[in-house]
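Subject: Structure handover

Dear colleague,

Please find below the structure that I promised to pass on to you.

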Amino acid sequence: MVIPQFLPLVAQALSHLAPHLLMREILDQDRVFVDALYVDSREDLRALGVDPALLGPLLQMQQRVQQAGFSANFPGAQHWLVQNGGKPIGRLVVDAGPRDVRVVDIAISSTARRMGAARAVLRALQTVAQAQQLGISLAASKTNPAAQALYRGLGFSVATHDEMFDQLVWKPAA
């Protein structure tokens, strides 16, 4: 069961924490930005040294696989755009259920990273989750130390792990 009003509450909390940041549902007109954000966020694939003629199709295929995975594993997930001063800078995919909020994906464009946007979005999520006594879970790549530091700095801890990912959880205060 998905809590439909969860992300509007997060957007409202975000407007109080960081008034320059806004969140709204992703629209069809945002597809060009979302596609470019995916390419921007895949430094791992771009660093492979693949022939540029093959890299574009590879990234498109990987994006389709990611979207299919989101749809299959989180069919009720909500997809939101993060904006700074009206300009898109990232996206948030969240599956909010009755006991837990799953951050399926959070991505901020490379030009807007390390400026506090992801931290503000996650703090807004925590604010609303705390009020509703919901935990938050997410997966963090072990090859992304900046994200790992961000999540741990916000009180997330490792619940389980494998070779590639840490499954992190945040629990509301009682």
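Predicted model: local features only at pLDDT ≥ 70, side-chain atom pairs only at ≥ 80, totals over all residues.

Residues are numbered from 1 along each chain as its sequence is written, and side-chain values use heavy atoms, with hydrogens and water left out.

The overall fold

The protein has six helices and seven strands, where helices (H or I, at least four residues) and strands (E, at least two) are DSSP runs numbered from the N terminus. Read from the N terminus on, the elements follow the pattern α-β-α-α-α-β-β-β-α-β-α-β-β. The radius of gyration of the protein, taken over C-alpha atoms, is 16 Å, close to the 16 Å that the globule rule gives for 174 residues, so the protein is as compact as a globular protein of that length; the rule itself is 2.2 Å times the number of residues to the power 0.38.

The sheet

The strands form an open sheet of seven in the order β1-β2-β3-β4-β5-β7-β6, with mixed pairing, and two strands pair if DSSP finds at least two bridges between them. At the edges lie β1 (21-25) and β6, each of which pairs on one side only. From one strand to the next the twist averages 30°, with axes being lines fitted to C-alpha atoms, for helices over the stretch in contact, and angles running from 0 to 180 degrees between N-to-C directions.

Strands β5 and β7 run antiparallel and are joined by six bridges. Strand β6 (residues 157-161) is also antiparallel to β7, through four bridges, and a hairpin of three residues connects β6 to β7; here H161 has D166 of β7 as its bridge partner. Further along, seven bridges join the antiparallel strands β2 (residues 78-84) and β3 (residues 87-96), where W80 stands opposite L92 in β3.

Two helices lie across β2, β3 and β4: α2, at about 85° to β3, and α4, at about 35° to β3, contact meaning heavy atoms within 4.5 Å.

The largest pocket

On a 1 Å grid over the protein atoms alone, a pocket is an open set of points where a 1.4 Å probe fits, with protein on both sides within 12 Å along at least five of seven lines, and lining residues have an atom within 4 Å of a point. The largest pocket is lined by 46 residues, with S41, D105, I106, S141 and N144 lying nearest its centre.

Best wishes
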